[in-house]
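Please examine the sequence and the structure shown below.

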Amino acid sequence: MPETAPPPPPPGWQNTDPSTLPEFLRNLPPCPDVSQYPQFPDDKQPSFGGYGTGEARQVTRILENAGISCCICGVGALIYYGAARVRSDWEICVPSELKDSAVALLKSENYIDQYISLPPWPFTGLGSLSHTYTRFKSTGVSFYFVLVPSKDIHLPCEPQNFQRSHNDLPFPKLNLLIQSFLETNDHVSLADVIDGSNVSEKWGVENLDLEGEVDLEWAEWKNRIIRQEAGGGPCFGLNPIKHVEKRWLWEFMVRNKGGRRGWTQPTELFATRFRLHGDSDPWLEERDSC
């Protein structure tokens with residue numbers, strides 16, 4: 001009996017009559033076309049088993065030698081503090097006032113053979129300006145990174161606020177990283193760093209500024225930039241403008257560590273979804289990923 005082709009899959013919501021969709025789906029921007037984005041199929045694998053830690057260290061040393069302080073931020077910092085996240089591009093924070101100088105340095109003749117500058121990756125993140133950043137890659141190596149202005153993530157990018165990994169990469173100190181997530185009301189990153197570091201409620205009282213509300217002035221500033229970049233088009237994932245007490249947010253997030261464990265992480269074995277009872281702090285261990 002001849003085989004028959006399976007029926008075509010049902011159309012996705014993107015192809016549905018917009019008038020039949022919920023309002024939040026009607027206003028989404030179209031999916032970017034990345035078919036013409038530069039591809040490098042012959043690139044070698046990055047160092048440290050594909051993590052790219054050696055290449056990241058080289059970039060931070062170039063910046064530091066030029067007097068530009070920098071640290072690993074975003075997903076890279078969450079991984080350093082124990083979160084089980086997957087990193088695509090490395091994110092390197094630089095002082096906002098030196099961001100243009102840092103970009104110009106990596107594009108200069110001194111490094112034209114080492115780095116290729118690419119258009120920004122067009123996909124927008126929630127409350128993020130990552131789709132506006134110049135994207136860099138190492139020549140001949142599948143290592144990609146962006147430079148993130150410190151104001152964009154509410155992080156003081158100064159050497160006294162960093163600590164070094166075993167592979168000599170600068171990372172923000174834990175209290176400053178968590179403080180930035182509190183100020184920006186970033187629940188996802190806050191949950192990840194709490195569950196990765198397994199800090200206690202008392203630790204937060206002793207090491208964080210819990211007085212007052214999250215920084216709504218910062219959220220309004222960043223939303224204005226996001227709207228400007230959208231050029232009057234639809235904006236997806238603006239930062240929340242909501243009055244939230246930092247102490248309440250800290251207590252709520254840290255007291256719910258257990259509730260974020262899944263069924264594969266039994267209480268008798270797991271302190272959090274990322275940490276076993278009695279294990280050592282991840283940032284004290286030598287790891288290829290950071």
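## Contact between two helices

In this predicted model, Ile178, Gln179, Leu182 and Glu183 of helix α5 are in contact with Lys246, Leu249 and Trp250 of helix α9. Helix α5 spans residues 174-183, and helix α9 spans residues 246-255. The axes of the two helices lie 10 Å apart, and the packing angle is about 115°. Because angles of 65 to 115 degrees count as roughly perpendicular, α5 is described as roughly perpendicular to α9. The crossing of α5 and α9 is right-handed.

## Surroundings of helix α5

Helix α5 is mostly covered, with 8 of its 10 residues buried. The buried residues are Leu174, Leu177, Ile178, Gln179, Ser180, Phe181, Leu182 and Glu183. Ile178, Gln179, Leu182 and Glu183, which meet α9, therefore belong to the buried part of α5, where buried means under 20% relative accessible area.

Several elements contribute to the cover over these buried residues, including helix α9. Also among them are α3 (75-80), strand β7 (170-172), α6 (187-197) and α7 (201-207). Beyond the end of α5 comes Asn185, which has a positive phi, near 55°.

## The chain as a whole

The protein chain contains 9 helices and 7 strands. Of its 290 residues, 43% are buried. Considering contacts between residues at least 6 apart in sequence, 69% join residues that are at least 24 apart.

## Cysteines

How many disulfides does a search of the whole structure find? The search finds 0 disulfides. For Cys70, the closest cysteine sulfur is that of Cys157, at 6.7 Å. A disulfide requires a pair of cysteine sulfur atoms within 2.5 Å, so the sulfur of Cys70 is too far from that of Cys157 for a bond.

Are Cys70 and Cys290 buried or exposed? Cys70 counts as buried because its relative accessibility is 0%. Cys290 likewise counts as buried, at 3% relative accessibility.

Terms used:
Residues numbered from 1 in each chain as written. Predicted model: local features only at pLDDT ≥ 70, side-chain atom pairs only at ≥ 80, totals over all residues. Heavy atoms only, no water. Buried < 20%, exposed > 50% of the residue type's maximum accessible area, 1.4 Å probe, protein only. Helix = DSSP H or I, 4+ residues; strand = E, 2+ residues; numbered from the N terminus. Contact = heavy atoms within 4.5 Å. Axes fitted to C-alpha atoms, helices over the stretch in contact; angles between N-to-C directions. Parallel < 35°, antiparallel > 145°, perpendicular 65-115°, else oblique. Left-handed = near helix turned anticlockwise from the far one by under 90°.
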